[in-house]
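Let's take a walk through this model together, one stretch at a time. Have the viewer open and follow along.

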Amino acid sequence: MVTPGIDPLDSIRGADVGRSGRGGLVGLAIDSTAGFAVVLPATETTSGSTITGPIDDLAEALAQLDDALAPRWVWWSIDTAAALVHAGITLTTCWDVATVQRLITGGWRADPARVWAQLHGLATEMIPTAGRIDLFTPAVTGGDLEEPVRPDGHLTPQWLADDWSWTPTRLGRWAALAVEAASLQIVALNALAERPMAPTTARSESAAELLCAELRKEGLPMNRAAAEQIIAEFIGARPRSDGEAERQRTLRDADVLRHGPIGQFDLRNPSQVKSLLRSVGVEVPDTRAWRLEALHDPHPLVIALLAWRRAERVATTFGYDWLDEHLGTDGRLRGTWSGCDGAAGRMTATAGLHNMPTHMRPAVIAEPGFVFVRADLGQIEPRVLAAVSGDTALARAAAEDDMYAPVSTQLGVDRATAKVAVLGAMYGQTSGHGAQALRGLESSYPVAMSYLADADLAGQAGRDLRTYGGRLVRMDLTQAAGLDDRGTRSRAAARGRYGRNALVQGAAAELFKMWAVIVRTRAAPFGGRIVLCLHDELLVHVPAEHGGQVADLLDTCLAEAAHRWAGGRANGVRFIADIAVIRRWSDAKP
DNA sequence: ATCGTAGGCGCC
DNA sequence: AAAGGGCGCCTACGAT
């Protein structure tokens, strides 16, 4: 099931699968002024050595070492990946200490001092800072600044400061410490006996950091004229002055307020909106759109308010200012990408790349001579559930293109009810229409349902969880998701839903990233570049003449990803993708 | 003035 | 009894 050629996880440029890791862990640290340092490990015949040089020599040095050793490049964080991208260097994979630590320990914070302390069993509360920030943090005075590790075992905080003055020697020490951290991480990952895929996840998540660094530089092709035309349809032409913008704003407000009583109401203040609605006889607990849309025979004020909210969203978030800030003169929309969030591990992006309104998507147009290959995973979460829970009955359902069809037959309900029930089970919704069908699920798919119920119980009890790929999902009792004022029972229930959802969402994210990093490597020879990752959707920008080949490739990469992600334990679950070659993002209907 | 929080909404 | 989760981003507001 492994596509021949470059291995996107286990080897470096041009290397075969069989060469994986032959050169061992090789540390890399880069500073824009001090240059780079490469730390080679000791072997049976040689002692370890460090190579340093100026940035200009980096590409050649890495190419030679890559070919000679097929090493696994190790660095502290995406900053190094970004420096490589900046230098025009493309590596296939790496070991990113920060992202691996997020996998092992959960959460998002993974600065070197914290990672080092965790890997060495030191209390993170005792991490020293360069200046005393409170009474309990040990202040740093004196000491040997040339030593990156202090006598107490913690990293020397000056090395972590933005203004630390790097030298080639210091970069060498720093890269060596990254290798030491990676070695400890590998031990920790191998110790997760219940999560045999964890080492694999560490590699794919590391490669995803390379992808994130590239996504930030590459940007999403977006046609400015098309985008401005769409915005104009909502809020009119671009205002030529602040005064004009203010007048347009006042006019938009007046279109709503004329339906209500005389008086001052701030439409941007939810409690005042509630008062305004009450004044025309509309009583609602809150003013959320779905609640207002649920009103039958709505007051004209409600209609106007909902239209105002849509226009206001464009004006404030996805309007001219948004384009000016994030859309470059080269027609690329750029934001910052993160390989995982601090919860279940999905990717995140800024600049509206992950929540761009559908009405803006016709402006995402491939450049001349290029096409998009768009692919999204079909019914990814129930399929992932079937795989990770080991439920053979659900896995059999996943053999179908539409797995809700066999489920509905099994349950004796219509397809819509079956779908709501399955989604409800995964997301913790146990009431409403799906409640009856849920009992059917429990008897027909007991393995999957108890997998979810166990996660729910763990969440309620505040016990940490681990995804299929080994990511720790932390259950912080003081900072529960869905915190509200209805007391601890509600908070426990929210944590239960969180745990239930996190195992499915997190495993899906791991599969998705595995797919993405394989596509990244295999599409590159065709000139294909991933320009957007959207949880279960990939957008690849590719020369028009290779659109068909890359479309085929996305499908084979998915099969490979599923195989690698599950390590042959996928329980026979089939994963499917809807793939289309298009010119505009909006051309393919999900 | 600066910060965190809440309501709200966009996407998955 | 009833209850999806995640993220980023906007505004208003209260606390510091």
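Start at N571, which sits in the loop between α20 and β15; helices (H or I, at least four residues) and strands (E, at least two) are DSSP runs, numbered from the N terminus. N571 isn't a glycine, yet its phi is positive, about 65 degrees.

Some housekeeping before going on: this is a predicted model, where local features need pLDDT of at least 70 and side-chain atom pairs count only at pLDDT 80 or more, while totals for chains, interfaces and linings use all residues. Residues are numbered from 1 along each chain as its sequence is written, chains are lettered from A and ligands numbered from 1 in the order in which they are written, and side-chain values use heavy atoms, with hydrogens and water left out.

Now for the sheet that β15 belongs to. Four strands make an open, antiparallel sheet in the order β13-β14-β10-β15, where two strands pair if DSSP finds at least two bridges between them. β13 (529-533) and β15 (576-582) are the edges with a single partner strand each, so one side of each has no neighbour in the sheet. On average, neighbouring strands here are turned by 20 degrees against each other, direction ignored. Strand β10 (residues 370-378) runs antiparallel to β15 and is joined to it by seven bridges; in β15, R374 has A580 as its bridge partner.

Helix α20 (residues 547-566) lies across β10, β14 (537-543) and β15, and runs at about 170 degrees to β15. Axes are lines fitted to C-alpha atoms, for helices over the stretch in contact, and angles run from 0 to 180 degrees between N-to-C directions. Contact, by the way, means heavy atoms within 4.5 Å.

Next, follow the chain out of β10. Q379 is in the loop between β10 and α13, and has a positive phi of about 50 degrees despite not being a glycine. Q379 also turns up in the domain picture. Chain A is divided into domain 1 (17-191), domain 2 (224-324), domain 3 (333-379 + 509-587) and domain 4 (382-508), with bounds that come from an automatic or database domain assignment.

How many residues of domain 3 are in contact with domain 4? The count is 21 residues of domain 3 against 30 residues of domain 4, and the C-alpha centres of the two domains lie 25 Å apart. Between them, domain 3 and domain 4 bury about 2,000 Å², 48% of it on carbon and sulfur atoms; buried area is the accessible area (1.4 Å probe) that two parts lose on being put together, summed over both. On the domain 3 side, Q379, E510 and R574 lose the most area to domain 4, together 35% of what that side buries.

Helix α13 (residues 380-389) packs on helix α18 (residues 446-461) at an angle of about 90 degrees, with axes 9 Å apart. The two are therefore roughly perpendicular, a label that covers 65 to 115 degrees, with under 35 counting as roughly parallel, over 145 as roughly antiparallel and the rest as oblique. L385, V388 and S389 of α13 make the contact with V447, A448, M449, Y451 and L452 of α18.
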